[in-house]
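Colleague: Could you walk me through this model, one question at a time?

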Amino acid sequence: IVQRIVGIGFGIVQISLLFRLVFKWLGANPQNGFVQSLYSVTQYIVGFFEGIFSRGVPNSEETTGYFEPATLIAMVVVAVISWALLALVEPRFRNLVQRTRYTN
């Protein structure tokens, strides 16, 4: 049960970060309610990694979308943390079932 809860929790975080990455890349309207709430919720995680690399913002004013490497780094770090936690909560001892064959 713990593995499912941890897996679902980290899965929701990863999907949220993926949506943020795609929305930033495609230039979603930050004034939209859904986009604004997604950005504010995921900012807590992405904020730790901002400033490591510069954003890939083009010089053209026509393009509003850009690549945000901090989100990609956050996705990788969250994946590693979830892998480590899932490895910790994995049961160490499993029930061993042995098959016995009888011959005449």
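Colleague: Thanks! Which residue meets Arg20 in a salt bridge?

Modeller: A salt bridge here is a side-chain nitrogen of Lys or Arg within 4 Å of a carboxyl oxygen of Asp or Glu. The structure holds one of them. At 3.1 Å, N to O, the side chain of Arg20 meets that of Glu68.

Colleague: Before going on, what should I know about the model and the numbering?

Modeller: This is a predicted model, in which local features need pLDDT of at least 70 and side-chain atom pairs count only at pLDDT 80 or more, while totals for chains, interfaces and linings use all residues. Residues are numbered from 1 along each chain as its sequence is written, and side-chain values use heavy atoms, with hydrogens and water left out.

Colleague: Good to know. How many residues apart are Glu68 and Arg20?

Modeller: Helices (H or I, at least four residues) and strands (E, at least two) are DSSP runs, numbered from the N terminus. Glu68 sits in the loop between helix 2 (33–46) and helix 3, whereas Arg20 belongs to helix 1. The pair links distant parts of the chain, with a separation of 48 residues.

Colleague: Is Arg20 buried or exposed?

Modeller: Buried means under 20% relative accessible area, exposed over 50%, and partly exposed in between (1.4 Å probe, protein chains only). Arg20 has a relative accessible area of 1%, so Arg20 is buried.

Colleague: How many helices does the chain have?

Modeller: Reading from the N terminus, the elements run α-α-α. There are zero strands, and the count of helices is three.

Colleague: How are helix 1 and helix 3 oriented to each other, roughly parallel or roughly antiparallel?

Modeller: Two packed helices are described by the angle between their axes and the distance between the axes. Axes are lines fitted to C-alpha atoms, for helices over the stretch in contact, and angles run from 0 to 180 degrees between N-to-C directions. Helix 1 (residues 2–26) and helix 3 (residues 69–89) pack at about 175°, with their axes 10 Å apart. Angles under 35 degrees count as roughly parallel, over 145 as roughly antiparallel, 65 to 115 as roughly perpendicular and the rest as oblique, so these two helices are roughly antiparallel.

Colleague: Which residues of helix 3 make the contact with helix 1?

Modeller: Contact means heavy atoms within 4.5 Å. From helix 1, the residues taking part include Phe10, Leu17 and Arg20. On the side of helix 3, they are Thr71, Leu72, Ala74, Met75, Val78, Ala79, Ile81, Ser82, Leu85, Leu86 and Val89.

Colleague: Which residues does Thr42 contact, leaving aside its neighbours within four places in sequence?

Modeller: Thr42 lies in helix 2, and with a relative accessible area of 2% it is buried. A polar atom of its side chain lies 2.8 Å from the backbone oxygen of Leu38. Beyond its sequence neighbours, Thr42 is in contact with Ser16, Leu17 and Arg20.

Colleague: And Val35: which residues does it touch, not counting those up to four places away in sequence?

Modeller: Val35 is found in helix 2 and, at 6% relative accessibility, counts as buried. Its C-alpha is 7.8 Å from that of Phe23, twelve residues apart in sequence. Val35 touches Phe23, Ala28, Asn29 and Pro30.

Colleague: Last one: what is the relative accessible area of Val41?

Modeller: Val41 also has its place in helix 2. Val41 is exposed, with a relative accessible area of 55%.

Methods: A polar contact is a pair of N or O atoms within 3.5 Å; within protein, one must be able to donate a hydrogen and the other to accept it, and residues adjacent in sequence count only if both atoms are side-chain atoms.
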